[in-house]
Each structure stands twice: as structure tokens, then as C-alpha cells.
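Take a moment to turn the model around on your screen before reading on. We will walk through it together, one stop at a time.

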Amino acid sequence: MINTEKFITEAIDEIRRDAAGRSVVIALSGGVDSSVCAALAARAVGDRLHPIYVDTGLMRKGETDRIRELFGHLALTVVDAREEFLAALRGITDPEEKRKAIGERFIRVFEREAKKTGATVLLQGTIYPDRIESEGGIKSHHNVGGMPLECAFEGVIEPLRDLYKDEVRVLAGALGLPKEIQHRMPFPGPGLAVRVIGDVTAEKIEVVREANAIVEEELVETFAPWQCLAALVGLGTGVKGDVRLHGWIVSVRAVNSRDGMTADPLELPFEVLARIASRCTAEIPGVARVVYDVTPKPPATIEYE
Ligand code: XMP
């Protein structure tokens, strides 16, 4: 484990030195990594920090409003790019194509907005496992068609590059970030799009957003899973009154893990699962069936795509 106070002092010095009087921009997602980076940079360069939050429309319920509340004091820019992302995803069914389309759109939107701030230095919350995954080519997170975001800037600062997630959480506490950020579950960059199997539509995103909110309400406080989620895995037959109908199948996943590389499903009490099923089918129009995923990673991944 790192020496927290020493790390904070050195990271602030590093950011100040590498920024060298220039303005710094960061894509703030509200995740613990980018939030810690922003908090360090705010101490290092003050109002030369320009955090940008891109509302992709693929975020969880209430997330954009919450981020506005939490980071408004840092002169946060909130970009409404919901339509752009939906348009970029239209008709795409292949998981990797989906990730690419989202990554590419993200870079376009972010570059466009970053230019408006005049910042020439990019601050990124990359942590050690991100570098390993990107180098190993496991998933395409950080660049698009070999054109990394970094290219558009004079300089890049990655103060968390050698840290693991649990170390970043300790830093978040030491920097006085709210508990909900410090203990925030991992959430994938491509957002709810990787929790919809097949093509993404506004309707499916709404359904999966509501299902994720229910799962989090029922599980996060009581069971503190490392990560929990709901995914839309297909259509099946259901019945309402005496009418058979086609409805969504929601799969619930709750896992414990250290770093996301391996994971084990939680052994949840049946009544909790039953409550999630009855809430999802009653509260979300079009949901016909709810299942619980008991597969460890490996062989299954945590996300569905
Ligand atoms: P998988 O699904 O590969 O996920 O078992 C492992 C962990 O990584 C998160 N994840 C991502 N995070 N961009 C991210 O920033 C991504 O494209 C991405 N895909 C998966 C996932 O939520 C889990 O915590």
C-alpha cells in the first residue's frame, strides 16, 4: 500500500510541474479514478483545471444530476451528447464495434469541447490495470483505431498510472471526496450499452437503466458487492392478465472480486432475488422475466459484452 500523504504531495507537484503554466482538461466520469485526478489537479493548478463531463445517455439513473451537484464547484462543463451517441450506435450489434463506436464518438465530443477551453494538457485517470488490459489488447478502452486521444494534446499527465483501484479509493478518502465516490462500484466506459445485448435503442437503454437502479437499490447497501448490475439479454414470452406477450429478459449479476480479473457470484437470499424480480416486472413496462447469473469469471466476463 502506498504512503498516502507522500503520494498526494508528489502527485500535486508532478501535475504542477508537467502542466508548466498551461491549462489542463480532464474527462470527468464521476468514477473514483477521474474524480481523484480532478481533486489532485484542482489543488495543483486551481482554476486552470477544466473538467468536462460527457452525458452519453448511457449513464446510470440520476448520475448526470449527481455529478453536476458534486463537481459544480470545479467549473464543470456538462455536455449533452445523448442524441449523438444514440445515432452513432444505431444498428450496431457486434460488441467490439459498439465499443469502438462509443470510444470514437467520445473522443470526437471530448476533443471538440476541450478545444473550447483552450487547454493543451490532458489529465487522465489511467490506473495500472487499465494499462495492462490495453497493452494486452483485451478490450479496446483507450484508443480508437490506433489513434489515442493523447495525440490531440501537447502533454498528457497520468498521476495514478502505477496504482491499483483499492489504493485510489484510499486516496479518495484522504482527499475528502464523498463516500459515494470513494466506494463507487466500477462502471464500464461504454456504460449501459454493454448491458444491452445486440443493438442499442433509446427504449432498451431506458429499460436497462431502470433495472440497474432497482438492482443497486436492493443490493448495494445490504450486501456491498464489488459490482452489481442488470443486463437486457433478450426477449421472451410473458403473461399479463390472460394475455401472452413478448417482453424483455433481464439478467441480474452481483459479484465479488479484487480487481475485476476474476469474480465470484454472490450467494444472495432467495427472497432478495424474488423482490428484484417482482419489482422489475411491476415497475418497468415491458419486462417479462428476471434471471440471476451464477457464473463466475472465468469463464463468463462481468459485463455482458
Ligand atoms: P469484464 O466484463 O471484462 O469487466 O469482466 C471487468 C471489469 O471492467 C469493467 N469494464 C470496463 N471498464 N471500459 C471500462 O472502463 C470498458 O470498456 C469496460 N468493460 C468492462 C467492468 O465493469 C468490470 O468491472
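Look at which parts of the chain meet. Of the contacts between residues with a separation of 6 or more, 76% are made by residues 24 or more positions apart. Keep in mind that this is a predicted model, and that every value here is computed from it.

Now for the overall build. The chain comes to 10 helices and 11 strands. How does its radius of gyration fit with a compact globule? For 305 residues, such a globule would have a value near 19 Å, and the chain has 20 Å, which agrees. The C-alpha atoms fill a box of roughly 70 × 40 × 35 Å along the principal axes. Buried residues make up 50% of the 305 residues.

Ile 2 sits in the segment before helix 1. Its relative accessible area is 23%, so Ile 2 counts as partly exposed. In sequence, Ile 2 and Val 168 are 166 residues apart, yet their C-alpha atoms are 9.7 Å apart in space. Setting aside neighbours within four places in sequence, Ile 2 is in contact with Phe 7, Leu 163, Glu 167 and Leu 171.

The C-alpha atoms of Ser 23 and Asp 47, 24 residues apart along the chain, are separated by 8.4 Å.

Arg 60 lies in the loop between strand 2 and helix 3, while Glu 63 is found in helix 3 (residues 63-71). Is Arg 60 buried or exposed? With a relative accessible area of 12%, Arg 60 is buried, because buried means under 20%. Glu 63 counts as buried too, at 8% relative accessibility. Leaving out neighbours within four places, Glu 63 is in contact with Tyr 53, Arg 184 and Phe 187. Arg 60, with residues up to four places away not counted, touches Arg 184, Met 185, Phe 187, Leu 192, Arg 209 and Glu 216. Arg 60 and Phe 187 are 127 residues apart in sequence, but 9.1 Å apart from C-alpha to C-alpha.

Helix 4 (residues 82-89) shows how a helix can have a buried side. Its buried residues are Phe 85, Leu 86 and Leu 89. They cover an arc of only 100° around the axis, which puts them on the same side of helix 4. What covers the buried residues of helix 4? The cover includes strand 2 (49-55), helix 5 (95-117) and helix 9 (202-223). Just after helix 4, Gly 91 takes a positive phi of about 80°.

That leads us to some backbone details. Most residues other than glycine have a negative phi, and most peptide bonds are trans. With that in mind, look at Ala 75, which has a positive phi of about 55° although it is not a glycine. Ala 75 lies in the loop between helix 3 and strand 3 (77-80) and counts as exposed, at 56% relative accessibility. Ala 224 also has a positive phi, near 40°. Its place is in the loop between helix 9 and strand 8 (227-240), and Ala 224 counts as exposed at 56% relative accessibility.

Finally, where do we find cis peptide bonds? One runs from Lys 297 to Pro 298, with omega near -15°. Another runs from Pro 298 to Pro 299, with omega near 10°. Pro 298 lies in the segment after strand 11 (287-292), and Pro 299 has its place in the segment after strand 11 as well.

Methods
Residues are numbered from 1 along each chain as its sequence is written. This is a predicted model: local features need pLDDT of at least 70, side-chain atom pairs count only at pLDDT 80 or more; totals for chains, interfaces and linings use all residues. Side-chain values use heavy atoms; hydrogens and water are left out. Helices (H or I, at least four residues) and strands (E, at least two) are DSSP runs, numbered from the N terminus. The radius of gyration is taken over C-alpha atoms; the globule rule is 2.2 Å times the number of residues to the power 0.38. Buried means under 20% relative accessible area, exposed over 50%, partly exposed in between (1.4 Å probe, protein chains only). Contact means heavy atoms within 4.5 Å. The arc is that of the directions from the helix axis to the C-beta atoms.
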